[in-house]
Amino acid sequence: MGLDDKIKNAAQDLTGKGKEAAGKATDNERLEAEGHKDQTEANVKQAGENVKDAFK
């Protein structure tokens, strides 16, 4: 796994956390759900990269 992928996944996770927090603060369920989705996608990508690394 390249450093670029790790950085992109971390950035997507942080963006998701920010959206989720903003959604909670403004009582915007759609934004909160979008943030949660971004975090989940980042975690899935990270897990996939970890599996690839394990087989190298």
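Biologist: Let's begin with the helix pair: which hand does the crossing of helix 1 and helix 2 have?

Modeller: The crossing of helix 1 and helix 2 is left-handed. That word is used if the near helix is turned anticlockwise from the far one by less than a right angle, and right-handed is used if the turn is clockwise. The helices themselves are DSSP runs (H or I, at least four residues; strands would be E, at least two), numbered from the N terminus.

Biologist: And where do the numbers come from?

Modeller: This is a predicted model, with local features needing pLDDT of at least 70 and side-chain atom pairs counting only at pLDDT 80 or more, while totals for chains, interfaces and linings use all residues. Residues are numbered from 1 along each chain as its sequence is written, and side-chain values use heavy atoms, leaving out hydrogens and water.

Biologist: Why does D13 count as buried?

Modeller: D13 has 16% relative accessibility, so it is buried; the word means under 20% relative accessible area, with exposed over 50% and partly exposed in between (1.4 Å probe, protein chains only). Other buried residues in helix 1 include N9, Q12 and G16. Helix 2 (29–54) is among what covers the buried residues of helix 1.

Biologist: Then why is K17 called partly exposed?

Modeller: K17 has a relative accessible area of 42%, so it gets the in-between label.

Biologist: What makes K17 and D13 a salt bridge?

Modeller: The rule asks for a side-chain nitrogen of Lys or Arg within 4 Å of a carboxyl oxygen of Asp or Glu. K17 and D13 meet at 3.5 Å, N to O, so they pass. Both lie in helix 1, four residues apart, about one turn of the helix. By this rule the count comes to seven salt bridges.

Biologist: Which parts of the chain does the K19–E34 pair link?

Modeller: K19 forms a salt bridge with E34, with the closest N and O atoms 2.7 Å apart. The pair links distant parts of the chain, K19 in helix 1 and E34 in helix 2, 15 residues apart.

Biologist: How far apart are the closest N and O atoms of E41 and K37?

Modeller: They are 3.4 Å apart, and the pair forms a salt bridge. E41 and K37 are four residues apart in helix 2, about one helical turn. Salt bridges that share partners also join K19, R30, E34 and D38 into one network.

Definitions and conventions: Contact = heavy atoms within 4.5 Å.
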